Every structure is written in structure tokens, then in C-alpha cells.
Amino acid sequence: MNELTPAAQIGPATGETYAIPLAVLAELTHRCPLQCPYCSNPVNLDPSSSELTTEEWLRVIDELAEIGVLQIHLSGGEPAARKDLEQIVAAANRAGLYTNLITSAVMLDRKRLDALADAGLNHVQISFQGAESGVADRVGGFRNGHARKLEVAGWVRELGLPLTVNAVMHRQNLHQLPEMIDMAVALGAGRIEVANVQYYGWALKNRRALMPTEAQVEECLRIVEAARIRLHGILEIDHVLPDYYADRPKACMGGWARQFFNISPQGKVLPCHAAETITTLQFESVRDRSIADIWHNSAAFNAFRGTAWMPEPCRGCAHKEEDFGGCRCQAFALTGDAHATDPACALSPRHAEIFRVAAEESAEQSDRFIYRNFSGGTAEKDAR
């Protein structure tokens with residue numbers, strides 16, 4: 001079997017069933033003017049000199065269309081840091097792919113946004129770090145960033161493009177969640193992602209400054225449920241709980257290498273955006289193998305695909321075909337073993353420990369960040 005088809009497939013290496021990746025995350029660069037302390041990029045960022053060239057990205061786009069991918073989410077870092085972004089969007093449009101730009105927005109002006117729309121851009125997703133400049137600009141480590149985001153969001157809607165607000169929530173901004181939801185409505189967004197921080201990579205380095213209290217998590221749930229009722233038909237609200245307060249693990253990306261992959265700036269194909277945090281795995285590049293070959297035959301993709309790899313208690317669990325063992329990146333981050341039961345699961349011997357860590361670290365009220373950058377992080381100064 002060399003190519004993907006729209007139907008479910010049986011992997012040649014594992015015998016496991018998995019589906020076509022309908023959407024792919026393309027991380028065009030790790031360059032970004034923001035310094036968010038929870039960034040999902042790896043701590044060891046890819047330098048610009050190692051990024052795929054324009055020609056390589058255009059070839060990748062053609063490959064994606066050939067294997068049946070329908071959507072491409074253009075992300076980073078900040079994708080607008082690439083001068084060829086319009087070419088990439090135009091190529092995806094020609095290939096018949098739906099394009100979603102996931103952006104901090106601070107590097108966009110009206111002229112560039114017009115050019116992206118003319119190239120065929122279908123959707124824009126803007127990250128917000130708070131409901132007002134004081135919190136938002138501090139979290140992002142970028143002066144006047146919040147004001148620029150609001151301006152760009154207005155242009156997006158003027159151009160008739162759908163808008164999603166991405167609200168990454170943690171202890172230091174959860175008190176602004178009601179205002180962030182109202183902000184999304186005022187901006188004309190059709191959707192908001194209320195995504196509590198997940199703790200690996202940069203967020204793991206900043207866990208003491210980001211971990212919410214249990215009371216905050218409960219209040220967040222109440223706010224989201226009330227807003228879903230109040231704004232039904234106006235704003236779609238997606239909500240991601242922090243794993244440290246869960247009893248059941250999430251089916252991360254729908255299961256490892258079952259229906260999603262992303263491509264890093266230097267061309268590595270990954271089962272999820274955080275997969276490189278698992279240092280015991282080697283991920284292959286589009287520079288060396290076809291995407292279809294990597295999807296089917298990569299040892300890293302097949303390592304945790306399906307359920308056959310699972311140890312107990314996962315192997316005998318009635319929910320193993322629902323959560324597929326939870327998050328492998330989190331298991332590795334917290335236990336040092338990517339095969340271990342996700343500590344977010346109540347059946348994990350480490351489950352009580354992560355609840356204790358969450359309670360202790362959220363109570364510390366340590367609020368200084370380690371900002372994301374190419375030098376491995378910079379501590380926030382005491383003076384603000």
C-alpha cells in the first residue's frame with residue numbers, strides 16, 4: 001500500500017486501523033516576535049537556516065493534495081515571518097486545500113492581509129493572551145501586541161474571512177475568560193478555542209507560573225457552559241481542560257498517528273506538534289522520504305499507533321479504543337517513559353502525584369515567566 005485513500009486503512013507494519021489525515025498542521029517557521037511562556041513549539045527551536053525552502057513547501061503541498069489531505073493549517077512560530085507566505089497560500093489554493101492561517105497577527109498589516117486573501121486564504125485564527133493590553137502584552141512579551149491583534153481581527157472580518165479566536169488560558173489570565181468570550185463576539189468571530197495550557201515543552205518550564213487552581217478550573221467550566229447556552233447560534237465554543245485536573249486522559253490528536261500529522265519547519269513529519277519532546281524517537285523528514293511512506297511505514301508513527309503497544313492497565317481497559325492511551329508526550333514528560341500510562345488517567349500509579357503537583361504549584365503563586373526564545377528562554381524581570 002503506497003498511497004492513502006479516503007477510507008480507513010490497515011497499517012502494513014502494525015495491522016492497526018487508521019484514517020486519512022484530513023487536516024495537516026504546517027509549521028512554516030519557529031520565528032516569532034511573541035515570547036509566550038506556554039508556546040507549543042519545542043524548547044530547541046529550528047533555526048531559520050534549516051527551514052524548508054519555498055520550493056520544498058510547494059512540493060509538500062502537492063504531495064498532501066495527492067494523498068487526499070483536504071485542509072492545511074499554516075502555523076509557526078509566526079507564519080507571517082516568512083516572506084513567501086502568499087506563495088504558499090496560493091499553491092495550497094491551487095491544489096484545492098482549505099487554508100487556515102494560525103497567527104499572532106502582530107506582523108500583519110492591511111496590505112499583506114489583502115494579498116493573502118487574494119491568494120485564496122480561507123480562514124484566520126488569531127491567538128489572544130488576555131482580554132486587555134496589561135495582561136496580554138505581558139504574557140506575550142510584546143509591547144502593543146494586543147492592540148494590533150484587535151486591529152487585524154477587524155480587517156479579517158472586513159474582508160469577509162471567517163475568524164477564530166484562540167484563547168490559551170492559565171492561572172494568570174483565567175480571571176479574564178468572560179471578557180475574552182465577549183471580545184470574540186464583539187470581533188465577529190464564529191468560534192473561540194478556550195484551550196487550557198498543556199504542560200510539555202515551554203509550558204513545562206513555566207508550569208509553576210501557569211498552573212491554575214482547582215477552583216479556577218471549576219469556574220472555567222461553569223463560565224464555558226453558561227456561555228454555550230447564552231451564545232448558542234452566535235459563537236461556537238471549544239474547551240480543552242488541563243490534564244492535571246482530569247480523571248480520564250484525552251484521545252490526543254484522535255490517537256497517535258491515526259488521523260493527523262504536522263510538519264515542522266525543517267520538514268520533520270510528526271504525529272503531533274509536541275512529538276519531538278519524546279527524545280527516544282527519531283522522526284523522518286519530507287526531504288528524505290515521501291509523506292505517504294512516512295505516514296504508513298515510519299517506526300515513530302507506528303510506535304504508538306492503535307492499541308497493541310499498550311502495557312497494563314491500558315491494555316485491559318474498556319476505554320482503550322476511546323482514548324488510545326492518552327498523551328504519549330505527557331507520559332514521557334512526567335515519567336520518562338513514552339509507553340507509560342498517561343498520568344492524567346486515574347489508573348496511572350502517578351495520577352495522585354500530578355494532582356498533588358497541581359495543587360502545590362498553583363498555590364505557590366510564583367508568577368514570573370521564562371519567555372520563549374532561540375536562546376533557551378529568558379527569565380522575566382521582576383520590574384514590570
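Hi everyone! Two notes before we start. Residues are numbered from 1 along each chain as its sequence is written, and side-chain values use heavy atoms, with hydrogens and water left out. Since this is a predicted model, local features need pLDDT of at least 70 and side-chain atom pairs count only at pLDDT 80 or more, while totals for chains, interfaces and linings use all residues.

Let's begin with the sheet. Strands of a sheet pair through backbone hydrogen bonds, either parallel or antiparallel. Here, 9 strands form an open sheet with mixed pairing, in the order 9-8-7-6-5-4-3-10-11. Strands (E, at least two residues) and helices (H or I, at least four) are DSSP runs numbered from the N terminus, and two strands pair if DSSP finds at least two bridges between them. Which strands stand at the edges? They are strand 9 (236-240) and strand 11 (269-270); each has a single partner strand, so one side of each is left without a neighbour in the sheet.

Strand 8, residues 191-196, pairs with strand 9 in the parallel sense over 5 bridges. Across that pairing, Val-194 stands opposite His-239 in strand 9.

A search of the whole structure finds 4 cavities of 30 Å³ or more. A cavity is a set of points on a 1 Å grid over the protein atoms alone where a 1.4 Å probe fits but cannot get out, and lining residues have an atom within 4 Å of a point. A volume is the space filled by probe spheres set on the points, with grid points joined across faces, edges and corners.

The largest cavity holds about 80 Å³ of space. Of its 15 lining residues, Cys-314, Cys-317, Asp-323, Gly-325 and Cys-345 are the closest to its centre. The second largest cavity holds about 70 Å³, and its lining includes Trp-256, Cys-272 and Arg-328.

Is Leu-210 buried or exposed? Leu-210 is buried, with a relative accessible area of 0%; buried means under 20%, exposed over 50% and partly exposed in between, using a 1.4 Å probe and protein chains only. Leaving aside neighbours within four places in sequence, Leu-210 is in contact (heavy atoms within 4.5 Å) with residues including Pro-37, His-170, Val-197 and Phe-369.

Notes:
1 Å grid on protein atoms, 1.4 Å probe; cavity = no way out; pocket = protein on both sides within 12 Å on 5 of 7 lines; lining within 4 Å.
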